[in-house]
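Student: Please put the model up. I would like to work through its contacts and its confidence.

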Amino acid sequence: MTTPDGRPDQQPDSSNAAWSIVSYLLGGMAVWGGAGWLLDRWTGQEALFFPIGLIVGIAGALYIVYVRFGRP
Amino acid sequence: MTQIAQVTGSLGSIGYGLAAIGPGIGVGIIFGMGVQAIARQPEAYNIIRQNMLLGFALTEALALIGFVVPFVFGP
Amino acid sequence: MFADLALLAAQEETHEGSCHFETGDCGFPAPSADIFELDPYATFSLFGLEFHITKYVVLAAIGVVLIVGFFFLAFRVPRLVPSRLQSVGELGYLFVRDQISRQVIGKKGEYFVPFLVSLFFFVWVFNLFAVIPAGQFPVTSKLAFPAALSAMVWLIFNYVGIRNQGFVGYFKNMAFPPGVPKALYIILTPIELFSTLLVRPFTLAVRLFANMFAGHLLLTTFTVAAWYLFSSNPFGLIFSATSFILTVVLTAFEMFIQALQAFIFTLLTASYIGGALEAEH
């Protein structure tokens, strides 16, 4: 897309950046939260690995967002 | 002690509703100020856009955590 | 709107007979998710699968005939100085080509413009059936329709990515973003793969479906409220008139949302295809 004064954007996926961010966050929570939940069921704990997995997933997703969208 | 008020039913949805107030205001502030900044200095668009997206990601993470927590600590 | 009123009036008559006109002590028949369940007009079996011809199928077929017929008639004999129908068709085509394809993909996307034009007009006409009388269900409020469109988009952008960057190269570019310390790849790669291959088509379909579902439910609620509040005392008339005016205002808002959702669907499709055409960074 073009910037307001007519030059082309340096990042080609500017129009779906916001939806990409939401899908990275959801994907991170789903993958590592799901892994944590399965680990909970396998070891029989009550909500121990599930929150840890969620936090790891969110941290990973935020790092991916920084790598893809936040670097100059 | 007599009960004066009681909330029954889906407490998770009330919890998410309360948890979404903060990120809603936060996202509004981020993009509002970002648009103002672009209006003041259009040649800084790329830098402003990067920072807007970073701020949006951090704020949205809180809203999504608020959605998931009722399932973590639920029955 | 009138079909919903007729349906609810018929239900009332079979049970209690307009009880709120006479005694005023029956509850508000709030519309819920089961107003979307319709009886089929015909059912038949083919190869062991059951097909139900409901109102959605009929509306979708009418939509297909309308769009194909319009574009066929507009571009049947193309002239350099366009006729009236051709200029309207050109307006639609050029809108998608200039505002969506050229902005997002650039020159390399000319091959995909017919697909994007079809997608935009199909989604828009399917959404418009929510406000056309005698139709009144947005065809895209059944999850099957957006899900099928989203599955088609998913197949296309994966195929384009694999064909342009090679099978291994496409997945390597997707799964391993550059400039990350090697040890973090264990955490990041499943997130990347899951969010690009699974979450993207899911959010694409669910965004369209949820917007149309919620809009239709909103319009139905205000229409039923206008009917329910209408009774003999003057306060009922005022509330009913307010609800009716709100229905009109919300219909205008709903038409805007329909066009916007069609635009966003096509824009995101173009963006995914553009991202698959060139390697990420």
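Tutor: A crossing is left-handed if the near helix is turned anticlockwise from the far one by less than a right angle, and right-handed if clockwise. This is a predicted model: local features need pLDDT of at least 70, side-chain atom pairs count only at pLDDT 80 or more, and totals for chains, interfaces and linings use all residues. Residues are numbered from 1 along each chain as its sequence is written, with chains lettered from A and ligands numbered from 1 in the order in which they are written.

Student: In which hand does H6(C) pass H8(C)?

Tutor: Helices are DSSP runs (H or I, at least four residues), numbered from the N terminus. H6 of chain C spans residues 144-165, and H8 of chain C spans 185-228. Their crossing is right-handed.

Student: Roughly parallel or roughly antiparallel: how does H6(C) lie to H8(C)?

Tutor: Axes are lines fitted to C-alpha atoms over the stretch in contact, with angles from 0 to 180 degrees between N-to-C directions. The two axes come within 9 Å and cross at roughly 150°. Over 145 degrees counts as roughly antiparallel. H6(C) is therefore, relative to H8(C), roughly antiparallel.

Student: Which helix gives the most to the side of chain A that touches chain B?

Tutor: Residues are in contact if their C-beta atoms, placed from the backbone, lie within 7 Å. Chain A brings 23 residues and chain B 18 residues. The leading helix on the chain A side, with nine residues, is H2(A).

Student: Which element of chain C has the lowest mean pLDDT?

Tutor: pLDDT is the predictor's confidence in each residue, from 0 to 100. Chain C has a mean of 83. The lowest element mean is 56, in residues 2-15, helix H1 of chain C.

Methods:
Contact = placed C-beta atoms within 7 Å. Helix = DSSP H or I, 4+ residues; strand = E, 2+ residues; numbered from the N terminus. Parallel < 35°, antiparallel > 145°, perpendicular 65-115°, else oblique.
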